Amino acid sequence: MTGLGARVLVNVALLSLALALTVLIWLEPWRQPPPAPERLSAIDPAEITRLRIEARNRTPVELERKSSGWRLVAPLSLPAGEYRVSALLALATAPVHDAFRAEGNDLGEFGLAPPKARVMLNEQEFLFGDSEPLNGRRYVAYRGDVHLITDAYFHHLLADAPAFVDPAPIGSDAQPVGFSLPRGETIRLEQGRWRIEPPEPGVDAEAGERLANAWRRARAVSVRGFDPALNWNQAVQLELERQPEPLRFLVSELEYELVLGRQEWKVQYHFPKKAGKRLVTLSD
């Protein structure tokens with residue numbers, strides 16, 4: 001073999017070795033996967049049936065899981081929305097970044113004596129303190145330990161009870177069969193067709209179906225406590241399938257919002273103006 005051929009073989013061998021080392025380093029077969037992060041508790045969120053929230057300067061909020069879903073039971077009695085409830089159920093398995101024993105430490109230094117908030121998941125108690133300044137993680141005391149978790153839960157604990165209410169004013173499964181609108185029109189479903197009284201030029205029966213669909217899809221941007229000081233100068237009434245009594249919502253138009261109020265429920269539903277108008281008029 002000539003010197004040139006030998007050098008080519010050496011270069012090919014070196015290149016193959018370099019490629020093999022690169023693949024080996026990239027795959028790192030000897031490296032163990034990182035251990036799964038410790039969880040705040042061993043509670044299965046699917047087995048939680050009761051949730052109670054106590055926070056400073058807030059009325060305690062209690063929720064229970066019913067056969068039909070989560071429901072507020074105090075201080076209001078209304079169906080609960082999924083968003084906040086799901087977020088708080090996830091607290092049970094929140095990843096823990098660090099932990100230390102509560103005993104022997106001044107818990108006041110961590111905002112835990114007294115705590116800023118208390119959460120009960122079934123019978124298990126979680127106490128919330130301050131957030132630490134370095135990474136903004138929250139101190140949570142549970143079963144004798146103080147844990148540092150991502151601060152993704154505390155703001156839900158400061159929400160008032162109406163914020164836990166289902167943002168769908170008539171629920172997700174209700175079927176409207178009749179309306180009385182603020183301008184005096186009545187719309188009813190008769191033998192599969194919507195009948196509008198009095199008839200309006202340019203408004204056909206499809207307008208009734210659009211109105212019913214708007215209510216089926218309606219989700220408020222926010223739900224707040226009922227404010228009697230708003231200008232409640234209109235009302236809309238709905239008849240729902242398999243419900244003997246109609247629902248009556250007061251209507252208040254603000255500059256950028258339309259608000260539907262239920263004084264009996266002590267809540268009001270806030271919609272962007274355009275979306276809200278679709279719930280109280282026959283316009284397309």
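1. Helices here are DSSP runs of H or I with at least four residues and strands are DSSP runs of E with at least two, both numbered from the N terminus. On that basis Gln234 belongs to strand S14, and the protein chain as a whole has 5 helices and 17 strands. The structure is a predicted model, in which local features need pLDDT of at least 70 and side-chain atom pairs count only at pLDDT 80 or more, whereas totals for chains, interfaces and linings use all residues. Residues are numbered from 1 along each chain as its sequence is written, and side-chain values use heavy atoms, with hydrogens and water left out.

2. For the chain overall, a residue is called buried under 20% relative accessible area, exposed over 50% and partly exposed in between, with a 1.4 Å probe and protein chains only. Of the 284 residues in the protein chain, 37% count as buried. The accessible surface, computed by the Shrake-Rupley method with a 1.4 Å probe, comes to about 16700 Å², and 53% of that belongs to carbon and sulfur atoms. Where contact means heavy atoms within 4.5 Å, 54% of the contacts between residues at least 6 apart in sequence join residues at least 24 apart.

3. Returning to Gln234, this residue counts as partly exposed, at 24% relative accessibility. Leaving aside residues up to four places away in sequence, Gln234 touches Pro182, Phe249, Leu250, Val251 and Glu253. The C-alpha atoms of Gln234 and Val251 are separated by 4.9 Å, although the two residues are 17 residues apart along the chain.

4. Helix H4 (206-217) deserves a look from one end to the other. H4 has 12 residues and reaches 16 Å from its first C-alpha to its last, close to the 16 Å expected at 1.5 Å a residue, where the expected span is 1.5 Å times one less than the number of residues. Its buried residues are Ala207, Gly208, Leu211, Ala212, Ala214 and Trp215. They cover an arc of only 155° around the axis, which puts them on the same side of H4; the arc is that of the directions from the helix axis to the C-beta atoms. Among the elements that cover these buried residues are strands S10 (176-180), S11 (186-190), S14 (234-240), S15 (247-253) and S16 (257-262).

5. Helix H2 (residues 82-89) has Arg84, Val85, Ala87, Leu88 and Leu89 as its buried residues, and they pack against S1, S2, S3, S6 and helix H3 (154-157). The charged end of Arg84 sits over the ring of Phe164, 5.9 Å from its centre. A charge is said to sit over a ring if NZ of Lys or CZ of Arg is within 6 Å of the ring centre and within 35 degrees of the ring normal.

6. Rings of Phe, Tyr and Trp (its six-membered ring) pair if their centres lie within 6.5 Å, with planes under 30 degrees apart counted as stacked, over 60 as edge-to-face and the rest as tilted. The structure holds 9 aromatic pairs. One of them is the tilted pair of Phe110 and Tyr139, at 4.9 Å centre to centre and 55° between the planes. Phe110 lies in the loop between strand S5 (96-101) and strand S6 (117-121) and Tyr139 in strand S8, so the pair ties together parts that are 29 residues apart in sequence. Both Phe110 and Tyr139 are buried.

7. Trp215, Phe249, Trp265 and Tyr269 form one aromatic cluster, and the charged end of Arg262 sits over the ring of Trp265, 4.2 Å from its centre.

8. Which residues does His147 touch, not counting residues up to four places away in sequence? The list is Glu38, Leu40, Val96, Asp98, Ala99, Arg138, Tyr139, Val140 and Tyr142. His147 itself lies in strand S9 and is buried, with a relative accessible area of 3%.

9. The peptide bond from Ala74 to Pro75 is cis, with omega near 0°, and Pro75 lies in the loop between strands S3 (69-74) and S4 (78-79). The bond from Glu197 to Pro198 is also cis, with omega near -10°, and Pro198 is in the loop between strand S12 (193-197) and H4.

10. Asn57, which is not a glycine, has a positive phi of about 60°; this residue is in the loop between strands S1 (50-55) and S2 (61-66) and is exposed, with a relative accessible area of 78%. Arg143, likewise not a glycine, has a positive phi of about 50°; Arg143 is in the loop between strands S8 (138-142) and S9 (145-149) and is exposed, with a relative accessible area of 63%.
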